[in-house]
Amino acid sequence: MPLLNLRIAAAADRELAARAAAIVHRHTVEHLGKQPDLIAVAVDFVEPATWFVAGQPLSASGRRSFQLEVKVTDETNTKAEKARYIEAVFDSFEALFGPLHEESYIHVHDVRAAAYGYGGRTQEWRYHQRRG
C-alpha cells in the first residue's frame with residue numbers, strides 16, 4: 001500500500017510520467033516486496049529553471065533531477081532492501097532521463113502502522129485482522 005510521490009525536474013510530459021511511474025512501481029514490487037495492486041504513484045513536474053541546487057537553477061547544469069518519496073509501513077523492509085531499491089530506481093531513472101544531478105533524492109519513509117492506512121483502515125488494524 002505504499003504511496004509514492006515523484007517530482008521530476010522537466011517540462012510536464014504524460015508519457016514520461018507514465019514511464020517513470022512504471023519504473024517505480026516495478027522496483028517497489030521487486031525490491032520492497034509490495035503488492036502491485038496497492039501501489040499508488042503521483043507524478044508532478046517542476047520546470048528545471050525553478051529547481052535549484054546549491055543556489056543555481058538545474059537548467060544551468062544540463063542535467064535532470066528528481067525527488068521520490070515512498071511511504072511504507074514501518075518494519076516491513078530491511079536496510080538492505082531499501083538500499084537496493086534506492087540504487088535500482090536511481091539507475092533506472094538515469095537510463096530514462098539521461099545524466100542526473102547527484103542531488104536527486106529518494107526517501108523511503110517508515111511510517112508507524114497505527115498512523116498510516118488506506119480505505120479508512122490503519123495498517124495496524126489490517127495486521128490484527130490477518131492475525132485473527
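The following questions and answers concern a predicted model of a protein chain.

User: In what order do the helices and strands of the protein chain run from the N terminus?

Analyst: The protein chain holds three helices and eight strands. Read from the N terminus on, these elements follow the order β-α-β-β-β-β-α-β-β-β-α.

User: What percentage of contacts between residues at least 6 apart in sequence join residues at least 24 apart?

Analyst: The C-alpha atoms of the protein chain occupy a box of roughly 55 × 30 × 25 Å along the principal axes. Among contacts in this chain between residues at least 6 apart in sequence, the share that joins residues at least 24 apart is 76%.

User: Which residues of the largest nonpolar core touch the most other members?

Analyst: In soluble globular proteins, nonpolar side chains tend to be buried together. In this model, 37% of the 132 residues of the protein chain count as buried. The largest nonpolar core has 22 residues, and those touching the most other members are Phe66, Leu68, Val70, Tyr85, Phe93 and Phe97.

User: Which residues does Phe93 touch, not counting residues up to four places away in sequence?

Analyst: Phe93 is among the core residues that touch the most other members. With residues up to four places away in sequence left out, Phe93 touches Leu6, Ala20, Ile23, Val24, Phe66, Gly98 and Leu100.

User: Is Thr73 buried or exposed?

Analyst: Thr73 lies in strand 5. Its relative accessibility is 12%, and the cut-off for a buried residue is under 20%. Thr73 therefore counts as buried.

User: With which side chain does the side chain of Thr73 make a polar contact?

Analyst: Beyond its neighbours within four places in sequence, Thr73 is in contact with Val111, Ala113, Tyr116 and Gln123. A polar contact at 3.4 Å joins the side chain of Thr73 to the side chain of Gln123.

User: How many Å apart in space are Pro48 and Ile23, C-alpha to C-alpha?

Analyst: Pro48 sits in the loop between strand 2 (40-46) and strand 3 (52-53). Its contacts, not counting residues up to four places away in sequence, are Ala9, Ala10, Ala11, Pro57, Leu58 and Ser59. Pro48 and Ile23 are 25 residues apart in sequence, and their C-alpha separation is 21 Å.

User: How far apart are the mean positions of the positive and negative charges?

Analyst: The protein chain carries 16 positive and 17 negative charges. The distance between their mean positions is 6 Å.

Key: Residues are numbered from 1 along each chain as its sequence is written. This is a predicted model: local features need pLDDT of at least 70, side-chain atom pairs count only at pLDDT 80 or more; totals for chains, interfaces and linings use all residues. Side-chain values use heavy atoms; hydrogens and water are left out. Helices (H or I, at least four residues) and strands (E, at least two) are DSSP runs, numbered from the N terminus. Contact means heavy atoms within 4.5 Å. Buried means under 20% relative accessible area, exposed over 50%, partly exposed in between (1.4 Å probe, protein chains only). Lys and Arg count as positive and Asp and Glu as negative; His and the chain ends are not counted. The place of a charge is taken as NZ of Lys, CZ of Arg, CG of Asp or CD of Glu. A nonpolar core is a set of buried Ala, Val, Leu, Ile, Met, Phe, Trp, Tyr and Cys residues joined through side-chain atoms within 4.5 Å. A polar contact is a pair of N or O atoms within 3.5 Å; within protein, one must be able to donate a hydrogen and the other to accept it, and residues adjacent in sequence count only if both atoms are side-chain atoms.
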